[in-house]
There are 2 protein chains.
Amino acid sequence: MIISNAAMMRKPIPTLRDIKDAAKNISPYAHITPVLSSTIIDKYLGARLFFKCENFQKAGAFKFRGATNALLNMVDKNNSGPVTTHSSGNHAGALAKAAAALGIECIVVMPENAPKVKVEAVKTYGAAIRFCEPTLAAREYTTDQVIKETGALLIHPYNNFYIIAGQGTASLELLDKQPDLDVIIAPVGGGGMLSGTAIASKAINPAIKVYGGEPMGADDAFRSFKAGKIIPSVNPETIADGLLTSLGELTFEAIINNVDKIIPVSESQIIAAMKMIWQYLKIVVEPSAAVPLAAILENKHLFEGKNTGIILTGGNVDLEKLPF
Amino acid sequence: MIISNAAMMRKPIPTLRDIKDAAKNISPYAHITPVLSSTIIDKYLGARLFFKCENFQKAGAFKFRGATNALLNMVDKNNSGPVTTHSSGNHAGALAKAAAALGIECIVVMPENAPKVKVEAVKTYGAAIRFCEPTLAAREYTTDQVIKETGALLIHPYNNFYIIAGQGTASLELLDKQPDLDVIIAPVGGGGMLSGTAIASKAINPAIKVYGGEPMGADDAFRSFKAGKIIPSVNPETIADGLLTSLGELTFEAIINNVDKIIPVSESQIIAAMKMIWQYLKIVVEPSAAVPLAAILENKHLFEGKNTGIILTGGNVDLEKLPF
């Protein structure tokens, strides 16, 4: 291991330079994902929407970017013990797949209520799973136990310099393909993707507005942003199972300094947005990925006439448990 | 109108040259659709599968290719009355959208049980709809009535020289991107897509095997192919709502001369294949589009070690009525 967890705590917030380094590092492993549009959705909203399709990323979500970047930077491949993390699903699957590609042992802590499809993915990629109660406290406690028992290196799902830098690479690609964006919007759970998105976008073009979409039932980022201090969610509830986590110190700082607005959205609007994406873009996205479009549907005036980039974060959804 | 229906009856089967002409004609209007793969599906089948994603085509299905080619060749824009057709959905939507783009009036005959999403699409594109009983006889009778009342020009959904040539352009693109295919497989309903696929593929590379996948509940092509004469379906029943029609004279001739095998598949395998495509490719396809993969799942030995092209025909599915 070349970087300890203690050393990680002293790392600053990544910059555009770090995100560009991450893009270079992960390029042999990750997909450059497509950007899709729908004339019907654009006409309905009076805006031009550019959907960055991370549902087509390896392991089905953007998380593969950060996980790969973290492993490449934090683990010494020649002298490595296991890595571990806690995750409701996509970071777990991404870390498991990235670790397998790099020949690293991986143990993931997952809440018992994680979507079946995400649990199956982690198993397929060959990682070991420890289940726990679906609370942040139980997740952190179980992860600590794993670290004590195995000496595993923690790859935190979002509050990690290299994870944030890795997630920012999606926006690099989006702005490379579509440089004339007025707005860019991503979902916010733990805040890794929104942090990377905001840092990259504002550094490339300070005039871009950066918004976060967040489920009302898990609106810690909205409340923390307003209060100017971290206020974690207590018993968050939303269909957007990837967004149940609360901001960490690094992501809070990155967001407070670079994001223009956090937009809370209702469950019904998330479902409507998800259905709209499936129907008109003909792609499978998970509920968390539909949160930005839900925010746009509830706040049309903010986006009218605007070229808007949307990070579609992932496509790992139990097809037997669809909300429509 | 520059070509009457009587003159159309004397047109021969299209050749590769006609398909290349069609590709040129429709290029300002149609999308070049992407080709996707899944390492998980490939590993499971021991084959390399290349999915040609016509679900991303305009109006959500390959039918836009043939409809556009037919209108461009059969209609004199400066002196045109309406066009008409009968279709369970995708040809109707495609013709409506293509006619709207070219400023031509369009009246479509649809069975009462056509999927809601397809009926809505036709309305969105501005065409008039006449509903009829869901039988071939009722569809043809109602279409005849429309022609008598309005003088409309019939654009047959599949038994038409320009339609077949237009549908063949999907295989041109697929073989251009992936020239090393050993096998190519498409679904067969009326046979327009399978005819175009087979003509293009065999002319480009006579060694390619061309297969048709067909639902057991609507297996007129399988029976006709075996008998060497057209045996239409009577009361066909399948979840693959785009494949209820029976072969016509032109498509039967093209298929008998160019296709190697018709593979009938069960309803449960169609649903399993559809789910597999949604889950691993992260795209929305309709049941008809899953029929070729269902044929592969039921006949793995035919495809093992083979580079196999699959025409994913469309993505217009009622999300409220999914079979899983």
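In what order do the four strands of the open sheet in chain B lie? Let's find out together; keep in mind that this is a predicted model.

**Stop 1: the sheet.** Select the open sheet in chain B, and you will read the strand order 5-4-3-6, with parallel pairing. In general, strands of a sheet pair through backbone hydrogen bonds. Now pick strand 5 (128-132) and strand 6 (153-154) of chain B: each has a single partner strand, so one side of each is left without a neighbour in the sheet.

**Stop 2: a pair of strands.** Colour strand 3 (residues 83-86) of chain B, which runs parallel to strand 6 of chain B and is joined to it by two bridges. For one bridge, click B:Thr84 and look across to its partner, B:Leu154.

**Stop 3: a helix on the sheet.** Next, show helix 7 (residues 136-150) of chain B, which packs on the sheet and touches strands 3, 4, 5 and 6 of chain B. The direction of helix 7 makes about 170 degrees with that of strand 3 of chain B.

**Stop 4: the largest pocket.** To centre your view, select A:Tyr280, A:Leu281, A:Lys282, B:Phe56 and B:Gln57, which lie nearest the middle among 44 lining residues. Helix 6 of chain B gives the largest share of this lining, six residues. The lining holds 18 nonpolar, 14 polar and twelve charged residues.

**Stop 5: the second largest pocket.** This one has a volume of about 950 Å³. Its 34 lining residues include B:Ser38, B:Thr39, B:Ile40, B:Tyr280 and B:Leu281, the closest to its centre. Finish on helix 6 (116-124) of chain A, which supplies the largest share of the lining, five residues.

Definitions and conventions. Residues numbered from 1 in each chain as written. Chains lettered and ligands numbered in written order. Predicted model: local features only at pLDDT ≥ 70, side-chain atom pairs only at ≥ 80, totals over all residues. Heavy atoms only, no water. Pairing = 2+ DSSP bridges. Contact = heavy atoms within 4.5 Å. Axes fitted to C-alpha atoms, helices over the stretch in contact; angles between N-to-C directions. 1 Å grid on protein atoms, 1.4 Å probe; cavity = no way out; pocket = protein on both sides within 12 Å on 5 of 7 lines; lining within 4 Å. Nonpolar A, V, L, I, M, F, W, Y, C, P; charged D, E, K, R; others polar. Points joined across faces, edges and corners; volume = space filled by probe spheres on them.
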